[in-house]
Each structure stands twice: as structure tokens, then as C-alpha cells.
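Here is a short report on one protein chain. Please read it with the model in view.

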Amino acid sequence: SNPVGTAQFSAANYSVSETAGSITIPINRIGGSTGPLTVTFITTNATALAGVDYITTNGVLTWLDGDVAGKSLMISILNDGLVESNETFAITLTGAAVTNTATVTILKQPIQVWRATNFGTNANSAAIAGDMADPDGDGVMNLLEYAFGLNPNIASVSGLPAVGQT
């Protein structure tokens with residue numbers, strides 16, 4: 001048994017909108033409360049980059065003897081304005097009785113993910129991937145192709161609503 005207990009994230013995975021500004025991550029002391037418990041936390045890049053997608057965050061959390069109250073840490077999320085897929089970074093807790101890592105996914109706006117998926121390296125080119133662009137030349141601008149779930153790279157009007165007469 002471990003009367004001191006350990007600290008752990010309340011979940012293994014968290015997600016936050018790129019436009020949210022920050023995310024708060026809860027951390028719990030479990031398995032005991034005898035004596036003080038101190039853990040360090042640090043963020044590390046995965047596909048998300050510190051200084052571009054989030055702010056590096058590290059520090060120390062301390063629980064005193066008998067304290068089992070939950071704690072939390074806040075991480076600032078940056079909106080880089082780029083069209084790209086969802087990105088992730090990790091947070092790790094380390095201490096005498098714990099090593100525990102959680103993953104944070106920064107969720108891009110759905111239309112940005114659609115642009116990244118359909119246009120790849122051209123996803124940030126307004127002439128190709130912009131709302132009003134029509135790269136496949138079918139007369140249907142990207143914003144409508146997105147709205148109706150069409151492929152913006154293949155000329156087709158079969159997925160569009162039609163005006164009918166009865």
C-alpha cells in the first residue's frame with residue numbers, strides 16, 4: 001500500500017477547441033493522504049508545437065498531509081489561424097510515486113480539417129482552398145462543396161439540391 005497516495009489525471013485524453021483560449025486539466029490525489037505529496041508537471045510537443053499551438057506549461061503541485069482536494073492546471077491554447085488537421089501535445093506528471101501522461105488534442109474548426117484533408121499543401125492558399133474558390137471548375141464554390149459534403153477536386157453537381165416543379 002502507499003499511504004501517501006499518488007496524483008493522476010482524471011482522464012487519459014482531453015480535447016479543446018483551438019479558439020477556446022485555454023484548457024483546465026483536473027488532477028486528483030488517490031490511494032492515500034498521509035503526509036505531503038509533490039509532483040511536477042510539464043507539457044511536451046507531439047504534433048502541436050509549443051509557442052505556436054499552445055504555451056509550454058510546467059510547475060509543481062503539492063498536497064499537504066490529509067489533503068485530498070482535486071487540483072487543476074491551466075494551459076493556454078493559441079489560435080494559429082492555419083488550416084491544418086487536429087494536433088496533440090502531452091502533459092506528464094512526475095513524482096516519487098507517479099509518472100502519468102495525458103494527451104491533449106487541439107480541435108481545429110471542421111472546415112479547416114476539411115480543407116487540410118482535401119487540399120493538402122494548398123490548404124492555406126486562398127486561390128485554391130478559399131471559401132469562394134472553385135478549383136475543380138464546376139461552378140460550385142468551396143464553401144458550398146463543404147456544406148453539401150462534395151469533393152472540391154472533382155467537378156460534379158450531382159450532390160447539389162435542385163429546384164423542381166410539380
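## Terms and basis

Two strands pair if DSSP finds at least two bridges between them. Helices (H or I, at least four residues) and strands (E, at least two) are DSSP runs, numbered from the N terminus.

This is a predicted model, in which local features need pLDDT of at least 70, side-chain atom pairs count only at pLDDT 80 or more, and totals for chains, interfaces and linings use all residues. Residues are numbered from 1 along each chain as its sequence is written, and side-chain values use heavy atoms, with hydrogens and water left out.

## Overall form

The chain holds three helices and eight strands. Along the sequence the pattern reads β-β-β-β-β-β-β-β-α-α-α.

The radius of gyration, taken over C-alpha atoms, is 23 Å. A compact globule of 166 residues would come near 15 Å; that rule is 2.2 Å times the number of residues to the power 0.38. Along the principal axes, the C-alpha atoms fill a box of roughly 75 × 40 × 20 Å.

Of the 166 residues, 34% count as buried. Buried means under 20% relative accessible area, with exposed over 50% and partly exposed in between (1.4 Å probe, protein chains only). The chain exposes about 8,700 Å², and carbon and sulfur atoms supply 57% of that area. Accessible areas come from the Shrake-Rupley method with a 1.4 Å probe. Among contacts (heavy atoms within 4.5 Å) with a separation of 6 or more, 58% link residues 24 or more positions apart.

## The three-stranded sheet

Three strands form an open sheet in the order β1-β3-β6, with antiparallel pairing. β1 (6-9) and β6 (71-76) stand at the edges with a single partner strand each, so one side of each has no neighbour in the sheet. Neighbouring strands here are turned by 30° against each other on average, direction ignored. The axes behind that angle are lines fitted to C-alpha atoms.

Four bridges join β1 to β3 (residues 22-30). In this antiparallel pair, Gln8 stands opposite Asn28 of β3.

## Pairings of β7

β7 (residues 87-95) runs antiparallel to β4 (residues 37-45), and seven bridges join the two. Thr43 has Ile91 of β7 as its bridge partner.

β7 also runs antiparallel to β8 (residues 98-107), through nine bridges. Gly95 stands opposite Val98 in β8.

## Nonpolar cores

A nonpolar core is a set of buried Ala, Val, Leu, Ile, Met, Phe, Trp, Tyr and Cys residues joined through side-chain atoms within 4.5 Å. The largest has 24 residues. Phe9, Ile23, Ile25, Ile27, Ile75, Phe89 and Val104 have the most contacts inside it. β1, β2 (13-17), β3, β4, β5 (58-63), β6, β7 and β8 each supply at least two of its residues. β8 gives the most, with four.

Which residues does Val104 touch, not counting those up to four places away in sequence? They are Tyr14, Val16, Ile23, Ile25, Glu87, Thr88, Phe89 and Ile91. Another core lies apart from the one described above; its seven residues include Val83, Ile111, Ala116 and Ala123.

## The helical end

Helix α1 spans residues 110-119. Its buried residues are Ile111, Gln112, Trp114, Arg115, Ala116 and Phe119. Their cover includes α2 (126-129) and α3 (142-147). Just after α1, Gly120 takes a positive phi of about 50°.

Definitions and conventions. Axes fitted to C-alpha atoms, helices over the stretch in contact; angles between N-to-C directions.
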